[in-house]
Amino acid sequence: MKILVTGAAGFIGFHVSKKLIHLGHQIIGLDNINDYYDPALKYRRLHELGIGKEEASQDGILVRSSKNPSFQFIKMDLADSKNLSDLFQNEKFDVVCNLAAQAGVRYSLENPKAYVDSNVVGFLNILEGCRHNNIKHLVYASSSSVYGLNSKIPFSTSDRTDSPISLYAATKKSNELMAHTYTHLYGFKTTGLRFFTVYGPWGRPDMAIYLFTDAIANDRPIKVFNHGKMERDFTYIDDIVEGVVRIVTGTSADKSCKLYNIGNNKSEKLLDFIEEIEKNLGKKAEKNMMAIQPGDVEKTWANVNALESDYKYKPATTIQDGIQAFVDWYKSYHS
Ligand SMILES: NC(=O)c1ccc[n+]([C@@H]2O[C@H](COP(=O)([O-])OP(=O)(O)OC[C@H]3O[C@@H](n4cnc5c(N)ncnc54)[C@H](O)[C@@H]3O)[C@@H](O)[C@H]2O)c1
């Protein structure tokens, strides 16, 4: 298949691209390599895929990987409707996997416009590209944050999601509504994936596991929000990739609008997660207990029954194995 993967320099997009290349698909990775977090990490991920920093930095130019000829990369912004539309017309993708977005709950309080530009305008441009170019299937990233103030657990896609508590969540919910509209009007298949706290090697520096590991390794105190009374369905990156790839490469001919939770189906206590990091670093954390942050929810837990039955999705990684893999990667990346 010829697949467009947006956000290919990002954490999840990088891993998904790598796996799809390995499976023999032809991939075009797209990313604007923005500086929401250190772009050096994004260039290092692209380097792993065989794209050098200089080539990756050229706006709007498709460059081919030196080590994976079936991978090409283009630096482009989803909000750039003209160039994105030309890319769709020229490349004739079979499937689109949209993982590019302005991520992060907390940053949406500081810079709300970035969320509307990438997640609403950018997503509309992706939908338009699909509509006008006969795309068979659009798979896109949503988020567990759409559950907002929902208190029924585990979270199920049949629960109401009309009480988001961050603009980030509101843009992800908007994506689901927009996708529904486009499937209804133009008859192409869309699948939205509500990711639950993804972690693992090459992870995002703004996320808790990275922040904690970095602080503990460098003898700085860590901020533990809601006095540690937080629980998360932490999902290891390989399990996410397995699920995303099954959906992206699936051959079902139905043209419906679907939504799935993609998580580990287990809620872990934040303090247990921190203890696992401490074990792997061989150091104790100095914890600053703090109040919950605006926009944050106390507990997430994914019901993944639908993904299990439709795609045989079975997350397999324990937090012990997952954290060990992350900390090993962290040490080698920073050495
Ligand atoms: N990591 C998680 O735990 C998690 C949880 C829920 C949802 N998600 C969603 O999954 C997707 C991937 O997340 P991630 O963790 O890999 O984040 P990431 O920030 O590492 O990756 C996103 C990539 O998209 C790129 N990007 C952002 N705006 C763009 C634009 N307008 N045009 C082109 N490229 C743009 C960024 O440069 C970045 O490389 C996102 O949609 C995110 O909202 C992630």
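1. Let's start at the ligand: one of its oxygen atoms sits 2.8 Å from a polar backbone atom of Ile12. That pair is a polar contact, meaning N or O atoms within 3.5 Å; within protein, one must be able to donate a hydrogen and the other to accept it, and residues adjacent in sequence count only if both atoms are side-chain atoms. Please keep in mind that this is a predicted model, in which local features need pLDDT of at least 70, side-chain atom pairs count only at pLDDT 80 or more, and totals for chains, interfaces and linings use all residues. Residues are numbered from 1 along each chain as its sequence is written, and side-chain values use heavy atoms, with hydrogens and water left out.

2. Side chains reach the ligand too. An N or O atom in the side chain of Tyr168 is 2.6 Å from a ligand oxygen atom, and a polar side-chain atom of Lys42 is 2.9 Å from an oxygen atom of the ligand. Around the ligand there are 30 residues, and Ile12, Asp31, Tyr37, Tyr168 and Val198 come nearest; a residue is counted here if one of its heavy atoms lies within 4 Å of the molecule.

3. Helix α1 (residues 11-22) packs on helix α9 (residues 237-248) at about 60 degrees, with the axes 9 Å apart. Helices here are DSSP runs (H or I, at least four residues) and strands are E runs of at least two, numbered from the N terminus. Axes are lines fitted to C-alpha atoms, for helices over the stretch in contact, and angles run from 0 to 180 degrees between N-to-C directions. α1 and α9 are therefore oblique to each other; angles under 35 degrees count as roughly parallel, over 145 as roughly antiparallel, 65 to 115 as roughly perpendicular and the rest as oblique.

4. The crossing of α1 and α9 is right-handed, that is, the near helix is turned clockwise from the far one by less than a right angle (left-handed if anticlockwise).

5. The axes of α6 and α7 come within 10 Å and cross at roughly 15 degrees, which makes α6 roughly parallel to α7. Tyr168 is one of the α7 residues that meet α6, whose own contact residues include Tyr115, Phe123 and Arg131.

6. Ser81, Leu84 and Phe88 of α4 meet Asn125, Ile126, Gly129 and Cys130 of α6, giving four nonpolar, three polar and no charged residues.

7. Two backbone details deserve a check. Ile153 and Pro154 are joined by a cis peptide bond, with omega about -10 degrees, and Pro154 lies in the loop between β6 (137-143) and α7 (167-186). Asn134, in the loop between α6 and β6, has a positive phi of about 60 degrees although it is not a glycine.

Note on methods. Contact = heavy atoms within 4.5 Å. Nonpolar A, V, L, I, M, F, W, Y, C, P; charged D, E, K, R; others polar.
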